[in-house]
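Let's take a walk through a protein model together, one piece at a time. Have a look at the picture first, and then read on.

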Amino acid sequence: MSFIELKNVYKVYKNGITAVADVNINIKKGDFVFIIGQTACGKSSLIKLLYREERPTKGQVIVGGINVAKLKNNRVYKLRRKIGIVFQDYKLLPKLTVYENVAFVLDSYGYKESEIKPKVIDALTRVGLKEKLRSFPNELSGGEQQRVCIARAIVNKPKVLVCDEPTGNLDATTSKEIMKVIDSINKELGTTIIMATHDQDIVNRMKKRVIALKDGMLIGDWEKGSYKLDETA
Ligand SMILES: Nc1ncnc2c1ncn2[C@@H]1O[C@H](COP(=O)(O)OP(=O)(O)OP(=O)(O)O)[C@@H](O)[C@H]1O
Ligand SMILES: [Mg+2]
């Protein structure tokens, strides 16, 4: 059974732009999926529909049994607890330490410090940053900051990790390291990974499922795919 299901999904913004057009996707638990395509093809829009940053104009979006389009505002937290999110820009809180940045969300959920600490240490260990827990974001490299974001996203063991261009600001070597971290989360925790990227090297090296978009439409869905934007390429 699909864990994530998009059925005839459209996103038309108020300005009339159709960012997602009649997209159908089924994703199983534990899958690793790249969403590829040129700038403005609708990658971020598609991803935003998964965590209810945007609502579909038409069609159905189901994530872990939750009908996202119909979800009331006061129930969005139920969905967000199933999903970790990583962006291109790190969005860390500058006045908080690495530890505090990762602990922040658990704190807001009302966990006790005795419950928070082992979760934060585990998450920071997974991303290889345990020794930097007292550092502040501005004392870290870009790659290290992105590791903190990944730790923050997985600290409560979400079922899905959604990444929008997580390596967009990083050089090739650092990007490879970040991909190792994301791959290990998929393999060791069984987390479903959905990652938007236009990094061809990463997609070609990882040999995961690839979904290609063009002008909001799905133009390809390949197992163990490579970076190509039409059937014949
Ligand atoms: N909030 C919005 N309101 C109106 N139009 C939007 C909004 N967000 C995105 N768009 C438009 O929707 C289209 C798809 O944008 P989207 O950000 O999903 O593309 P993308 O594939 O993520 O691009 P990139 O690779 O540059 O990140 C674009 O034409 C964009 O201008
Ligand atoms: Mg985008």
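**A tour that starts at the ligand**

Ligand 1 is surrounded by 13 residues, and the closest are Y13, T39, K43, S44 and S45 (a residue is near a molecule if its C-beta atom, placed from the backbone, lies within 6 Å of it). This is a predicted model, in which local features need pLDDT of at least 70 and side-chain atom pairs count only at pLDDT 80 or more, while totals for chains, interfaces and linings use all residues. Residues are numbered from 1 along each chain as its sequence is written, and chains are lettered from A and ligands numbered from 1 in the order in which they are written.

What kinds of residues make up the shell around ligand 1? They divide into 5 nonpolar, 7 polar and 1 charged (Ala, Val, Leu, Ile, Met, Phe, Trp, Tyr, Cys and Pro count as nonpolar, Asp, Glu, Lys and Arg as charged, and the others, Gly among them, as polar). Helix α1 gives the largest share of this shell, 3 residues (helices are DSSP runs of H or I with at least four residues, strands are runs of E with at least two, and both are numbered from the N terminus).

Now follow α1, residues 43–50, to the sheet: this helix lies across β1, β2 and β4, and runs at about 60° to β2 (contact means C-beta atoms, placed from the backbone, within 7 Å; axes are lines fitted to C-alpha atoms, for helices over the stretch in contact, with angles from 0 to 180 degrees between N-to-C directions). The sheet is open and has 4 strands in the order β2-β1-β4-β5, with antiparallel pairing (two strands pair if DSSP finds at least two bridges between them). β2 and β5 stand at the edges with a single partner strand each, so one side of each has no neighbour in the sheet. Between β1 and β2 there are 6 bridges, and L6 has I25 in β2 as its bridge partner.

Next come the helices that meet α3, residues 98–108. The axes of α3 and α4 come within 10 Å and cross at roughly 125°. That makes α3 oblique to α4 (under 35 degrees is roughly parallel, over 145 roughly antiparallel, 65 to 115 roughly perpendicular, and the rest oblique). Among the residues in this contact are V102 and L106 of α3 and V120 and L124 of α4. By class, the contact has 9 nonpolar, no polar and 2 charged residues.With α5, residues 142–154, the axis of α3 comes within 8 Å and crosses at roughly 30°. α3 and α5 are therefore roughly parallel to each other. Here V98, N101, V102 and V105 of α3 meet V148, A151 and R152 of α5.

Notes:
Two residues are in contact if their C-beta atoms, placed from the backbone, lie within 7 Å.
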